[in-house]
Amino acid sequence: MQLQPQSTLSIWLMALMAPIIWGTTYSVTQRWLVGIDPFWLAALRISIPGCLMVWMVPKSVWIQFGWRIALLSMLNIAIFTSLLFIAIGRLPGGIAATLVATLPLQVIMIRAIFGIRPEMHHVFAAIGGVLGVACLVWQSTESLDSWGVAAALSASFIMACGILLTARWIKDIPPLQFTSAQLFISGVVLLLYVILSGREVPDITPSGMLALAWLGPIGMGVGYWAWFRAMKAIPIQRLSFLGLVNPVVAVLVGIFFMSEEISMGQLFGMCLVLLCVVVGQRK
């Protein structure tokens, strides 16, 4: 789909809104929601906006697209978010974000498996993004938890599969209705899981409640709506590169709000990531 010149800037700003909001997830979780079961965090983060937004979905959408929405809600939200919170609970703030940011390379690899040949500058940008991610990760003074790394990389793979399917199936569904339906289904599934599995209900402080308000209605509701809205106008192989903004925001939030330090190697990696985001937007 070709963008009209007058709409290009607004569409790209909307697309950037999602990874910028999501980039705060790591620091917010580790500062105000530390020690809480990751599955309860995922369930609450998703179910709160899901219940608030489900009324926006007409019956016709459920009837016509119900099975597609159910599958995509698992890939885009339920499984992805659960793996993400597992990674956040096991890894330092910026590292989980940088591993999830292998998304562009995973999108390229999955498309290649199905015979869609990538543009070479996209390949180089994706590899450069991974190298930038590596600079951020390798400069960490903390040892990496192998299960946390696996969870973060798996989250990225699940999201890559989800957005590739979404790009094919979202055309006939308004983004707000699509987002609302996915959040509701995912929220119900995760709530049923944490309740039936006997996981202890977390004790959340007032500040933790405010953090959930940010992670839920804003992070999930606004973030996913902006992401799916942009997906209708921006080719998926280019949109996926914008996800690289996520770890940059995560690291910056960690520096300014959690007193984390940054080395020259990490600064180089950050600059390389941003350069790759720009290169990845070329047709």
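**View 1. Helix H8 and the lining of the second largest pocket in the predicted model.** H8 contributes five residues to this lining, the most of any element. Helix H6 (103-113) and helix H8 (146-169) are the elements that each supply two or more residues to the lining of the second largest pocket.

**View 2. Residues around the second largest pocket.** The pocket has a volume of about 290 Å³. Its lining consists of Ile110, Arg111, Phe114, Ile116, Cys161, Leu164, Leu165, Ala167, Arg168 and Ile236. By class, eight of the lining residues are nonpolar, two are charged and none is polar. Arg111 and Arg168 are among the residues that line the pocket.

**View 3. Packing of helix H12 against helix H13.** H12 covers residues 245-258 and H13 covers residues 264-279. The two helices pack at an angle of about 150 degrees, and their axes lie 9 Å apart. Angles over 145 degrees count as roughly antiparallel, so H12 is roughly antiparallel to H13. The crossing of H12 past H13 is left-handed.

**View 4. Side-by-side residues in the contact of H12 with H13.** From H12, the residues in the contact are Val245, Val248, Val251 and Leu252. They meet Met270, Val273, Leu274 and Val277 of H13. The contact of H12 with H13 comprises eight nonpolar residues, with no polar and no charged ones.

Definitions and conventions: Residues numbered from 1 in each chain as written. Predicted model: local features only at pLDDT ≥ 70, side-chain atom pairs only at ≥ 80, totals over all residues. Heavy atoms only, no water. Axes fitted to C-alpha atoms, helices over the stretch in contact; angles between N-to-C directions. Helix = DSSP H or I, 4+ residues; strand = E, 2+ residues; numbered from the N terminus. Parallel < 35°, antiparallel > 145°, perpendicular 65-115°, else oblique. Left-handed = near helix turned anticlockwise from the far one by under 90°. Contact = heavy atoms within 4.5 Å. Nonpolar A, V, L, I, M, F, W, Y, C, P; charged D, E, K, R; others polar. 1 Å grid on protein atoms, 1.4 Å probe; cavity = no way out; pocket = protein on both sides within 12 Å on 5 of 7 lines; lining within 4 Å. Points joined across faces, edges and corners; volume = space filled by probe spheres on them.
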